[in-house]
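Subject: Structure for you to look at

Hello,

Please find the structure below, with the sequence alongside. My notes on what was found follow it.

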Amino acid sequence: MKELIPLALRALQLLFAIILLGINAYLVSEFFDSPSRINFMLFNSVWTLFPALPYLALGPRFLPLSANNKIIHLAVDALTALFWFAGFIALAVWYDDLFYCPGKICRTIVASCVFGAFEWLLFTATTVLSALDFWRTRGSSSAPKTMPETTTV
């Protein structure tokens with residue numbers, strides 16, 4: 001059960017990142033000169049799908065111990081949460097300042113903001129879980145402990 005919650009959160013992160021990749025790629029294709037906020041949301045999707053999630057989900061199982069550092073996991077989780085927070089807030093502020101927005105584009109921008117907010121919440125949750133795991137095990141190493149050899153006289 002302990003491993004099921006982070007795995008379910010990672011699966012939802014993957015699903016939302018794929019959805020957001022499609023939404024934001026569509027938005028980029030609809031604008032002649034796409035705004036930087038939409039481009040950043042597209043970057044967030046690509047960042048999440050390629051370097052972040054494979055490292056966070058598959059790293060503990062397949063990478064050697066030297067590349068599987070809990071501080072790096074915490075940093076990647078926190079950085080990705082920060083990216084999603086900045087992206088959906090910037091897009092929401094930009095959307096609020098628009099004077100004219102055709103119907104389908106407006107609904108797509110709102111969908112990108114909402115899914116981005118959910119992605120941020122998911123990464124915030126996994127960041128908290130990573131931080132708790134880091135603080136709980138910070139004094140111990142992952143290597144098995146051996147008992148010192150004793151000699152008898």
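Please keep in mind throughout that the model is predicted.

Helix α2 also carries a kink of about 45° at Ala 52, shortly before the proline Pro 54. Ala 52 is one of the buried residues of α2.

Next, the packing of two other helices. Two packed helices are described by the angle between their axes and the distance between the axes. For helix α1 (residues 4–30) and helix α4 (residues 103–136), the axes come within 9 Å and cross at roughly 155°. Angles over 145 degrees count as roughly antiparallel, and α1 and α4 are therefore roughly antiparallel to each other. Their crossing is left-handed. Sorted by class, the residues in the contact of α1 with α4 are 20 nonpolar, 7 polar and 4 charged.

Last, a residue in helix α3 (residues 70–96), namely Asp 96. Is Asp 96 buried or exposed? Its relative accessibility is 62%, and exposed means over 50%, so Asp 96 counts as exposed. Asp 96 and Ser 36 are 60 residues apart along the chain, and 15 Å separates their C-alpha atoms.

Regards

Conventions. Residues are numbered from 1 along each chain as its sequence is written. This is a predicted model: local features need pLDDT of at least 70, side-chain atom pairs count only at pLDDT 80 or more; totals for chains, interfaces and linings use all residues. Side-chain values use heavy atoms; hydrogens and water are left out. Axes are lines fitted to C-alpha atoms, for helices over the stretch in contact, and angles run from 0 to 180 degrees between N-to-C directions. Helices (H or I, at least four residues) and strands (E, at least two) are DSSP runs, numbered from the N terminus. Angles under 35 degrees count as roughly parallel, over 145 as roughly antiparallel, 65 to 115 as roughly perpendicular and the rest as oblique. A crossing is left-handed if the near helix is turned anticlockwise from the far one by less than a right angle, and right-handed if clockwise. Ala, Val, Leu, Ile, Met, Phe, Trp, Tyr, Cys and Pro count as nonpolar, Asp, Glu, Lys and Arg as charged, and the others, Gly among them, as polar. The bend at a residue is the angle between axes fitted to the seven residues ending there and the seven starting there. Buried means under 20% relative accessible area, exposed over 50%, partly exposed in between (1.4 Å probe, protein chains only).
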